[in-house]
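Subject: Structure handover

Hello,

Please find the structure below, with the sequence beside it. My notes on what was found in it follow.

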Amino acid sequence: MAASVFTQILWWIGNATEAFILARAVKGKFYGKYLAFYFYLSTVLFVELLRFATYTLQPSSHRVVYWYTEYVAATVGYAVILEIYRQVLKSSPGAARIARTFLLGVLAAVILKVMMNALSGPAWSPAATSAELERNLRTVQLLLLFGVVALLAYYRISTSRNLKGITFGYSFYVFACVMSLAFGSLPDYALRPGWRLVQPIAFLAALFIWGGTLWSYQPSPEPETTSEIERDYKILSEQTNRILSRARSYLKLGGEL
Amino acid sequence: MSQVLPYVGLGLLFLLVLGLWVRQSFVTRAGRAELLMPRQHRSGVGRAAPHRDLGERIFGPEDWDFVSRDTPSEIQRMFQRERTVLAISWLRRTRKRVSQVMRAHVAVAHQSKDLQLATEIRLALSYFLFLILCNSLIGWVWLHGPVRTRRIVGQTLQWAAQLRRAFEQLMARVDPASCRVVGTNFKHGTVRN
């Protein structure tokens, strides 16, 4: 009973926060700046309200609606990841090149896995259970997010507060989904009611992150102009020259040791 | 339980990278200041010269041979202690310098249209191996002192040489003109050889 009330509280707070974030974006006229992300949020909100309406007005068809809409959010989530890739790597052609290779690699791995499953089993299905299918969808998302976050960290690409929030919030939520679905598939965990709250709580946390970071529009930092890069690069090469000259001395030392 | 392990592994790896990125997001300004640092020291190029032979001196056998021959054991222990501190400091400085080179590289490379994935991977691997080796050396020197560590230092410096070569190749792709400048300066620096 207490868990049910808590779930309902989470649900209402979540919907209110989503509506609030969307209202801020419409009011601040930056809905179109992160179209895929706001489309995702709108879809999630719409699906939740549709399920609620069905449950209230026509309880008999609630189950059908629930299963039809189960994977909508996970599928639309791919658009959010693609938008993160596009916006974050806009001013980094080198990193974008690596990202393209990585995306193609993940795509090839997924196709290969699907084909292997199809060839190995007589009656092929994408997953044994719906939870397994969602887990697979979320795992691929986690891999894609891993790629973009690794590029951001390695190349120290500066991004706007909005994009940081979208990336961090969605990464956190997808991570929680994968862990929850992976452990949820174990018999010991699946029956525990507390375990089912992981995803709603993680989504609520992500919503709070988005609410804070998408309060107002902040454009991505302008990439340095060519002259600035060259100027910094010249300084950089002077520094590199000194360090490498010193490294030469070290190498001589290494040869003697 | 074993079916969950790949997801847990992936999740932990993801958390690690996410944590690094979040931490880094708060120190972006410090990183930039580090890149611009040479402007302040441009006039002090000659200051590097007295430190050039420091590594050679710290790990060289001459001082230890002298101390072990003509001094009492108390002095020898004191020498070992002080030389250990010096050696660790020198290794940390070497690590810091190579890290600066890497940071400078990634700051420029991600905007380069000619970036080569294979070179990037090789450079990153060399850098991480160098870091592992350098940190291991610091631990080794701390435990055993610099005299016994001489041979291992040679290996570390070979890693530094590999990193330098990979960096030169990369810079030749990113900016061939500047790379020629670096190369010319190297030729000037061959006096010691």
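Which element gives the largest share of the lining of the largest pocket? The answer is α1(A), with eight residues. Please keep in mind that this is a predicted model.

**Largest pocket**

The volume of the largest pocket is about 1,900 Å³. Its lining consists of 45 residues, and those nearest the centre are A:Arg51, A:Tyr66, A:Glu70, A:Arg196 and A:Pro200. Several elements of chain A give two or more residues to this lining, among them α1 (2-27), α2 (35-57), α3 (62-69) and α4 (72-88). Sorted by class, the lining of the largest pocket holds 23 nonpolar, twelve polar and ten charged residues.

**Second largest pocket**

The second largest pocket has about 1,100 Å³ of volume. It is lined by 32 residues, and the closest to its centre are A:Ala150, A:Ala153, A:Tyr154, A:Tyr155 and B:Phe128. Both chains take part here: α5 (93-120) and α6 of chain A each give two or more residues to the lining, as do α1 (5-25), α6 (73-109) and α7 (117-144) of chain B. The most comes from α7(B), which gives eight residues. By class, the lining of the second largest pocket has 22 nonpolar, four polar and six charged residues.

**A residue to look at: A:Gln141**

A:Gln141 is part of helix α6 of chain A. Is A:Gln141 buried or exposed? A:Gln141 has a relative accessible area of 0%, so it counts as buried; the cut-off for buried is under 20%. The side chain of A:Gln141 reaches the backbone oxygen of A:Ala74 at 2.7 Å. Leaving aside residues up to four places away in sequence, A:Gln141 touches A:Ala74, A:Gly77, A:Tyr78, A:Ile81, A:Tyr170 and A:Val174.

**Chain B as a whole**

How many helices and strands are there in chain B? There are nine helices and zero strands, and from the N terminus on the order is α-α-α-α-α-α-α-α-α. Chain B has 193 residues, of which 40% count as buried. Its accessible surface is about 11,400 Å², with 60% of that belonging to carbon and sulfur atoms. Of the contacts in chain B between residues at least 6 apart in sequence, 73% join residues at least 24 apart.

Regards

Notes. Residues numbered from 1 in each chain as written. Chains lettered and ligands numbered in written order. Predicted model: local features only at pLDDT ≥ 70, side-chain atom pairs only at ≥ 80, totals over all residues. Heavy atoms only, no water. Helix = DSSP H or I, 4+ residues; strand = E, 2+ residues; numbered from the N terminus. Buried < 20%, exposed > 50% of the residue type's maximum accessible area, 1.4 Å probe, protein only. Contact = heavy atoms within 4.5 Å. Areas by Shrake-Rupley, 256 points an atom, 1.4 Å probe, with all protein chains shown as cover. 1 Å grid on protein atoms, 1.4 Å probe; cavity = no way out; pocket = protein on both sides within 12 Å on 5 of 7 lines; lining within 4 Å. Points joined across faces, edges and corners; volume = space filled by probe spheres on them. Nonpolar A, V, L, I, M, F, W, Y, C, P; charged D, E, K, R; others polar. Polar contact = N/O pair within 3.5 Å; in protein donor to acceptor, adjacent residues only side chain to side chain.
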